[in-house]
Amino acid sequence: MRIAVVGATGMVGEVMLKVLAERNFPVTELIPVASERSVGKEIEYKGTKYKVVGLQTAVDMKADIAVFSAGGDTSLEWAPKFAAAGTTVIDNSSAWRMDPTKKLVVPEINASVLTKEDKIIANPNCSTIQMVLALAPLHKKYNIKRIIVSTYQSITGTGVKAVKQLENEYAGIQGDMAYKYPIHRNAIPHCDSFEENGYTKEEMKLVRETQKILGDNTIRVTATAVRVPVVGGHSEAVNVEFTNDFDVNEVREILHHTDGVVVQDNLDTFTYPMPLYAEGKNDVFVGRIRRDESQPNTLNMWIVADNLRKGAATNTIQIAEYLIKAGLV
């Protein structure tokens, strides 16, 4: 497999390279790709150094698969060029997610929708992936009517500049600001830009992408997304109303047998998911599973995952693994 990593020098790109190596992905030739200012730089993969190339060079090299994490504008312009050259693109940006002609994939849930004709495949938003992975098996069993989600999102979702801002603020140094306000000792209820309805794009991604991945536009979703001074991953307080009633122990059992989900839910030992311990791991962690006593058929859960891993890089590589296993590339 000739694999191009577009955005190889960025935060997600670096994690993609780590995940490829950890999972022993069958790379016969690695093509690290970045913007013109990074061309010629060297990156290391499995002990070998590779020179970063530009986008057009990468298109001409006709990789089997290109994994993209280079922003929406780059994806809109370049993903079709890679696809036209015969490369299957898996894109991490929001550029193609809601395009009705493109598949939006979490492999454990809906990889079976993919065909050889799908040359541009969308990777969902980080906060959506971790939520739907936990909710998909429960939707099958109890049928979701409505989701209320509040997110507590890591600064790594914004990128290197945000990490630097927090480090500077810890150290009392004035520096570049990724956010309009300080993030140290603060919580900013503003992830991505605002839409006309008063919600942010991040909040509306949770609405639209959840419906598309679960294949059910009747599911009502409302979200509040908050940026917090955390590095390890995103956390979500999720309240789910079902059509059918449930047994809480059965819910735990279903989640326990769900691929990619780890149940951490023991109040006697104060065991519950936290981003500090999710960092660097590929799983989605679920805990604080309890009945909402204010109305029928409603469940509360706390869901945590490393947003650079399952929320981005790992999910992308899992899609690529599925394409190979299913003989689609």
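1. Helix 5 crosses helix 7 in a right-handed sense. The contact brings Cys 126, Ser 127, Thr 128, Met 131, Val 132, Ala 136 and His 139 of helix 5 against Glu 202, Lys 205, Leu 206, Glu 209, Thr 210, Ile 213 and Leu 214 of helix 7. Sorted by class, this contact of helix 5 with helix 7 holds seven nonpolar, four polar and three charged residues. The model discussed here is a predicted one.

2. The geometry of this pair can be stated briefly. Helix 7 spans residues 201–214, and its axis lies 10 Å from that of helix 5, at an angle of about 40°. Since angles under 35 degrees count as roughly parallel, helix 5 and helix 7 are therefore classed as oblique to each other.

3. Helix 5 (residues 126–142) also packs with helix 8 (residues 248–256), at an angle of about 125° and with the axes 9 Å apart. Angles over 145 degrees would count as roughly antiparallel and those from 65 to 115 as roughly perpendicular; helix 5 and helix 8 are therefore oblique. The crossing of helix 5 with helix 8 is right-handed.

4. On the helix 5 side, the residues that meet helix 8 are Ala 134, Pro 137, Leu 138, Lys 141 and Tyr 142; on the helix 8 side they are Glu 250, Val 251, Ile 254 and Leu 255. By class, the contact of helix 5 with helix 8 comprises seven nonpolar and two charged residues, with no polar ones.

5. Asn 123 sits in the loop between strand 7 (120–122) and helix 5. Its relative accessible area is 0%, so Asn 123 is buried. The side chain of Asn 123 makes a polar contact of 2.9 Å with the side chain of Asn 92. Beyond four places in sequence, Asn 123 touches residues including Asp 91, Ser 93, Arg 97, Leu 104, Ile 129, Gly 311 and Asn 315. Val 105 is 18 residues from Asn 123 in sequence, yet their C-alpha atoms are 5.9 Å apart.

6. His 234 belongs to strand 10, which covers residues 234–242. Is His 234 buried or exposed? His 234 is buried, because its relative accessibility is 0%. Its side chain reaches the backbone nitrogen of Ser 154 at 2.9 Å. Leaving out neighbours within four places in sequence, the contacts of His 234 include Cys 126, Ser 127 and Gln 130, as well as Tyr 152, Gln 153, Arg 227, Ile 303 and Asn 307.

Methods
Residues numbered from 1 in each chain as written. Predicted model: local features only at pLDDT ≥ 70, side-chain atom pairs only at ≥ 80, totals over all residues. Heavy atoms only, no water. Helix = DSSP H or I, 4+ residues; strand = E, 2+ residues; numbered from the N terminus. Buried < 20%, exposed > 50% of the residue type's maximum accessible area, 1.4 Å probe, protein only. Polar contact = N/O pair within 3.5 Å; in protein donor to acceptor, adjacent residues only side chain to side chain. Contact = heavy atoms within 4.5 Å. Axes fitted to C-alpha atoms, helices over the stretch in contact; angles between N-to-C directions. Left-handed = near helix turned anticlockwise from the far one by under 90°. Nonpolar A, V, L, I, M, F, W, Y, C, P; charged D, E, K, R; others polar.
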